[in-house]
Amino acid sequence: MSGRSGASEHRRRSERAARPEHPEHPEHPRHSAAAAAPLPVRSMIPAGSGSPGSPGSRGAALLLALALALPAAVSGCSCAPAHPQQLLCDAALVIRAKISSEKVVPASDDPLDTHKMIRYEIKQIKMFKGFEKLKDVQYVYTPFDSSLCGVKLEANNKKQYLLTGQILNDGKVLIHLCNYIEPWDDLSLSQKKSLNQRYQMGCGCKITTCYMVPCSITAPNECLWTDWLIERRLYGHQARHYACIKRSDGTCSWYRGGPPPEKEFIDISEP
């Protein structure tokens, strides 16, 4: 299965949703939501597949331990849904890269540790976050087993990816399915532009996922993520085209593309 088709299939499993029945440019209220939809099913990767899963399932928190810390195998990988901006804010490293090769290596130097990792050799194209810790990334690591949230990438030195991950104490870069990992060509123009500065301008904001009504903000620095309510899928128009940006008065609102965000914000009174 190719990286693109694998990502699409995994995204379908994550969202369990039909095509949106709403206009192409839906309104995204800041203060409250007025539509209901069934809860999304969190992505689950079957255990025992032996090979890593494909990128597409996203989450703010890794709900199961990863291979480097887990003493025994677990039954599956589950990720809590999160807006791409939140995942980028939570990541220690954000880069654009090609995958040159892959190799299965031991997860640690402990001879009793039977876990394996995939080591991807990469060609870094651009770094968006992580300068203070790393200047250039040559390898990234992911659990070999899909049950431990391992991610499968195309190692053909052709396809470019946006990679986010954690930097371990030994300097290794760890990536997994709960990070935001996408083929570069699958990102919207707004997402690509937001990587340089816009997303980081909103890292002090909180993005609250709306699954059902009632759904409202509880603090002025919150933005409501309503893709599920409006489009019945998580990674819809709002996730692909909007960033939650903090204003000078400390409040946060959705902002869409274009010039720096001095004027254009999305409010319930200004859809």
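Strands are taken here as DSSP runs of E of at least two residues, numbered from the N terminus, and in this predicted model Lys-129 lies in strand β4. Strand β4, which spans residues 116–129, runs antiparallel to β5, and the two are joined by 5 bridges; within this pairing, Met-117 has Pro-143 of β5 as its bridge partner. Strand β5 itself, comprising residues 139–143, is mostly covered, with 4 of its 5 residues buried.

Lys-129 is buried but forms no salt bridge, the nearest side chain of opposite charge being that of Asp-90, at 6.9 Å. The side chain of Lys-129 instead reaches the backbone oxygen of Leu-88, at 3.0 Å. When residues up to four places away in sequence are not counted, Lys-129 touches Gln-200 together with Leu-88, Cys-89, Asp-90, Ala-91, Ala-92, Leu-93 and Val-94.

The largest nonpolar core contains 24 residues, of which Ile-95, Ile-122, Val-137, Leu-153 and Leu-163 touch the most other members. At least two residues of this core are supplied by each of β3 (93–106), β4 and β6 (160–167). With neighbours within four places in sequence left aside, Val-137 is in contact with Leu-93, Ile-95, Ile-122, Gln-124, Met-127 and Val-173. Another core, of 15 residues, lies apart from the largest one, and its members include Phe-128, Trp-184, Leu-187 and Tyr-199.

How values were computed
Residues numbered from 1 in each chain as written. Predicted model: local features only at pLDDT ≥ 70, side-chain atom pairs only at ≥ 80, totals over all residues. Heavy atoms only, no water. Buried < 20%, exposed > 50% of the residue type's maximum accessible area, 1.4 Å probe, protein only. Pairing = 2+ DSSP bridges. Lys, Arg positive; Asp, Glu negative; His and termini not counted. Salt bridge = Lys/Arg side-chain N within 4 Å of Asp/Glu carboxyl O. Polar contact = N/O pair within 3.5 Å; in protein donor to acceptor, adjacent residues only side chain to side chain. Contact = heavy atoms within 4.5 Å. Core = buried A, V, L, I, M, F, W, Y, C linked by side-chain atoms within 4.5 Å.
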